[in-house]
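Subject: Structure for you to look at

Hello,

Here is the structure I said I would pass on. Please open it first; my notes on what was found follow below.

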Amino acid sequence: MNYSSSNSPNIKEEHIISFLNSAIKQTQPSMIITVERKGTALLRTYIESDLNSNKTKDIWSRVSSSEALRYCNKSLLQEGNILIVDDGIYGGKRIGSALDSLVKEKKVSRERVKIAVFGVHERSSVVSVDFRWYGQLNDDKYRKVREALIRLFQQKGSLLLDTEHIEVPVEIKCGRLEFFDALCSAGVGVEFFSSGGRLNLTIHNPILVNDQDFLDRLPAKVTIRNVVRKIRIVERSKNRYAIIPIFYPSVPSNISANALSGIDSCLSKHADSPESSFHLIGIYASLHLFSTVFACLRELIRMGKVNVRIPQLGDPDDSLAHLLALFPDLDIERLRDLIEQFVEIGRKRKSHKNKLLERPCRIEAIEGTRHAERLNQLHWLILREVERISDYFPGSNAGASLSELMNLIKSEDQNNQKIEKALLSTALDRTIDDADLVPDMDRMRFTDGITRCVRTFRIDGEVVLSDIRRVVAIWRSALPPPCKIE
Amino acid sequence: MSYGREDFMMHCLDTCFLLTFALRKSFEGYRKRDEQFVGFSEISADKTIRLFDKLWEKRPDKKAREASGRIVDFCLKRNFNDKHGHRVAFPIADETSANGKITLLPVLKTIEIIDKYVPPDAKMFIRHEEKTSWGSVTRLEPQVGASRVLKLYKRNLLDSSDMKLLEYFGNACACITEREIIALGRHETANDTMLSMLWELDRWKQWTEEVFDRLDKHEEINTSVATDEAHRLWQCWSFARECVLKAAVFDNNAFWSDRIAYENALNALFMPGTGVHQDVLNLLKGAQHPSQEIWEDPRVSSLGFTAFCCWSFVNYFVGTLFKTNPFQSHVFSKRLSSVANKDVIEAFHRVNKCVRVTREDRPQQFYLNYLHSITGAPPNGIVVDMDPRDVWKGKIGLRDFIKGAETIANWIIKTHVIPDLENLRIQEI
C-alpha cells in the first residue's frame, strides 16, 4: 500500500546496523528470536551487510524465528541472554506471544529476555522495550516508519519473502530480456517493478521438468493442484538476480512424520507435525523447480551468458543459513548439495525431453502499460477479497487460499485466463513485498473429503487492516481502486 | 469521496446523523402506538439500522445519484462479528483504542463515544437504563430530528426523495414490533442466514472449548471458580440460544423463532391498509427473500439439528451448574432464571437422544418430533447418564459432571460443528 510520502523518515541500512549492533553488543545474546517476518528481514539486513563472512553461520545458528520457537535448540535457552527482535510494536500481540512462549512454556526467566524494536508506538505498553530506534511514535509516524522500513527491505530485494525460501543467485552477461525470455519458457512470466524499484519477474505455474520423479516421492494424498507454484526472479543489483522458487503442495492435516520418507532425509527427519511437514514438503517442492529454472537457462549457461554459483555456507551471499531460523538442526551442507543436484538435473536435461514452452510468454506490467493498470487493480481486489473472506467466514483468521483468490478471475477466454492468473499471482507477490499480506497456513476441507494444510494469505497487522477496511467501506466495484492512501 | 482519513470520518459522522434520524422516525411511530415506549434496545436499534442500510442499498439509479454527489451507500460493515454477534459497524479511520486491535467499531458505540464529547443539546441519544431481575438494559431514545439532518440536505448529500424515504421507513418500522424488526434486520437470504448461524456455532465452540479448558485446571469447583467462569458459561448458553433462534427449530411462537417473527413482519408490512409506502415495499421485495427461500434452503435447514443439539446441551450443562452451589448465587445465573428445573431435565433427555445421531443420519430439516424416531444405543459410545437431579442432590460431584459433559461437548463439536464450518470453504481438488 502506498502512503503519502510527505515527511517520511529517511531510514538507511546503517540505522538498522547501528540499532542491532547496539542491542547485540549490550545483550551478548546466546539466542536471537526474530518475530516473523519483518523481524527476520531486519536481522537479515544486518547480517548481510557485514562482509565479515565468518559471522554469518554463527549468527544464524543462534537465531530462531518466532514461528519455530518450539523447535529451537533448548541448550541455547538455558543460559545467557535472549534477544527478541522486531520492526515495530503497537498492540504487542506478536512480541507478547513470543515472550509468553519463552517465559511460560520454556521457563526462561524474564530478566534474561531483552527486547529490541526499531519503532515503538506511543501507546504500546504491553511489554517493556529495551532497545529502540524510534520511540513515542504517534499513529501517523508509526505508519511512516513502517512504510520506510518496508521500502528498505524491498530495495534490498524483497527480503519480506518467507524465511524458508531458498534462493540461488545468478549473474547475467546478456540482455535482461534474453534472460527473462529464457525463463519464460517455464510458464507465463510477468515482469514488473517492485515498490522498492527493483525489477522482478514472476513465472506463474511453471512446468515441472522432472514431474514423475517428484510426484512419486510425494506422500500419499498430497495435491499440487490449485496451489502456490511460481518462480520469482528478483533483481538484487545490476545484472545480479536471485532465483527463488516457491511451491507449496497441500498436505493432509493428519499426515504422519514417516510419510515423508520419499523425500531427502535432510528434510524429512525434521517432520514432527503436519505444520512442519507442510513447510518441509514446500522446501522439497521448491528444489524441484530449480531443475526447471536451469533447464530454461541451459543454453545461456552453456554460452557463458549466465553464471550461477551456489554460495557456500558462510559466503557473504549465503542464501541458505537463514533457514536455520526455522529449522535449527537443518543440515545446510546437505541441502546445498541437494540444490546443486537439482540444478545439474536441469542443466543436463536434453531439450527434447523438456516440456518447456517453445514460445515463451512474457508480459510487461511496467508502469504505463495496460497490464500495469490491471496489476494495480488486482492488487486491490486481492486485498478486498482477503478482507472479505476474513470477515465473512467464521474461523478464517488465516486468510484466503490461492484457489479462493483465483475466483476473482472471471474471464472465460482460455488465453486471457492464463494471463489474468499470472497477473494475479504477481499482484499477490506485490502485496507480500509491500507487507500488506503475509503468508500463513490453514486447514481446509477438499472436495475429496480430505482436510489439508493449505497455503493462505492474511492481512499483515492492525494498521494495514484498518486502512484496507476504510478503503473497502467506500470503494465499490464501479469505482477505480485507490492509488494512494492519505 | 476520497479515502483520506478526515473525509472518511466526516462521512461516518454524516452517516450517524442519518441513521439516528431513521431511528427517530421509527421511535415517533412507536410512541404514537404506545406512549410508554421509552426507547429501543441496543439490539433492535442495531437491527433497524441494518435493515435501513439494506433498503438504502437497493435503491435504483445509484450511478446517477452518486454522480450528483448524493450518499448512495453507507460506509458500513453490515456483518461485523464480535462477541455480541452480527452488528453494524464502521471501519475506524484511525486506531483509537489503547488496547490495539479494534479496526471496526459498532455504529452505536461510535455514537456513544461522540455523545460523550458533545454538549447535551447535541447528543444523538438519550440513554435510559431499565432495571430487570438479571441486570440492567439500556434503552435508546434517538434525538436527531429533521433540523439536524438539514445540513446534509444543504450540502446536497441528500435530496427530497432521500428525506421522504427516511420518513417512510420510520413509519413502516412503527407497524412491526421490535422482535420483528430484529428478525427482519438479521435475515435476508439463505446464504446469509447460514453464515450467521455458523458464526454463532463457531463462537459457541470457542467459548465451550475455553470454558472446559479452564474448568479442567481446577481440582475443586468453588466460589472463586464460579466467579471466574460464570460469565463464560453464560456466553456458551447465549450463543447456542442465538443459533437456535436463527435456526427457527421451535415453531411455536415468534419469541423462539426468527422465522415466525420474520414472516409476521413481512405480513404486517405488506398488509393492505397499514399505510406503508410503496417505495419501502418495493425495496423490501428486493432486499428480503421470502421465508421459505431462507429456512427451507438445505444450507440453513441442515444446520437445524446442530443448533438444537448445542441448545439442548447448554440447557443441560449450564442449566445444571447454575442451579448448584457455588454458581447458584452468581449474578449470571439470574440470566437463566427463565430456565426451570423441568427444562434442564428435559434438556438432559434431549441430549441423550441427540448423541445417537451421526452426521450421516442427521435430518436435512429438523423438527422436534424427529426425536421420537431416534432409537438404539449411541453408535459412538457416548453415555449421557448424569441426571441433573443427582447433581443437585449431591449424588454426583461437580468435577465428574463437568468431565462427562466435556465428552458430550467434544462429540458435538467434532461430529457436527467442525464439519459444518469446514464445508463453508471447500477447496477443489
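Chain A and chain B are in contact through 46 residues of chain A and 38 residues of chain B. Keep in mind while reading that this is a predicted model.

The interface

Chain A and chain B bury about 3900 Å² between them, and carbon and sulfur atoms give 55% of that area. On the chain A side, P394(A), R445(A) and R470(A) supply 18% of the area buried against chain B, which is more than any other three residues.

Four salt bridges are found across the interface of chain A and chain B. One of the residues named above, R445(A), forms a salt bridge with E422(B), with the closest N and O atoms 2.8 Å apart. Several elements of chain A give two or more residues to the side that touches chain B, among them α13 (370-392), β14 (437-445) and β15 (451-459). Helix α16(A) gives the most to that side, with nine residues.

The sheet in chain A

Chain A has an open sheet of five strands with parallel pairing, in the order β2-β1-β3-β4-β5. Its edge strands are β2 (63-65) and β5 (131-137), each of which pairs on one side only. Neighbouring strands of the sheet are turned by 25° against each other on average, direction ignored.

Within this sheet, β3 (residues 81-89) and β4 (residues 113-121) of chain A run parallel and are joined by seven bridges. G88(A) has G119(A) in β4(A) as its bridge partner.

Two helices of chain A lie across strands of the sheet. Helix α1 (residues 13-27) lies across β1, β3, β4 and β5 of chain A, at about 120° to β5(A). Helix α5 (residues 93-105) lies across β1, β3 and β4 of chain A, and runs at about 165° to β3(A).

Strand β3 of chain B

In chain B, strand β2 (residues 77-82) pairs with β3(B) in the antiparallel sense over four bridges. A hairpin of two residues joins β2(B) to β3(B), and N81(B) has H86(B) in β3(B) as its bridge partner. Strand β3(B) also runs antiparallel to β4 (residues 104-106) of chain B, with three bridges between them. There, P91(B) is bridged to L104(B) of β4(B).

Is β3(B) largely enclosed or open? Six of the seven residues of β3 (residues 85-91) of chain B are buried, so the strand is largely enclosed by the rest of the structure.

Regards

Definitions and conventions. Residues numbered from 1 in each chain as written. Chains lettered and ligands numbered in written order. Predicted model: local features only at pLDDT ≥ 70, side-chain atom pairs only at ≥ 80, totals over all residues. Heavy atoms only, no water. Buried < 20%, exposed > 50% of the residue type's maximum accessible area, 1.4 Å probe, protein only. Pairing = 2+ DSSP bridges. Axes fitted to C-alpha atoms, helices over the stretch in contact; angles between N-to-C directions. Contact = heavy atoms within 4.5 Å. Buried area = accessible area lost by both parts, 1.4 Å probe. Salt bridge = Lys/Arg side-chain N within 4 Å of Asp/Glu carboxyl O.
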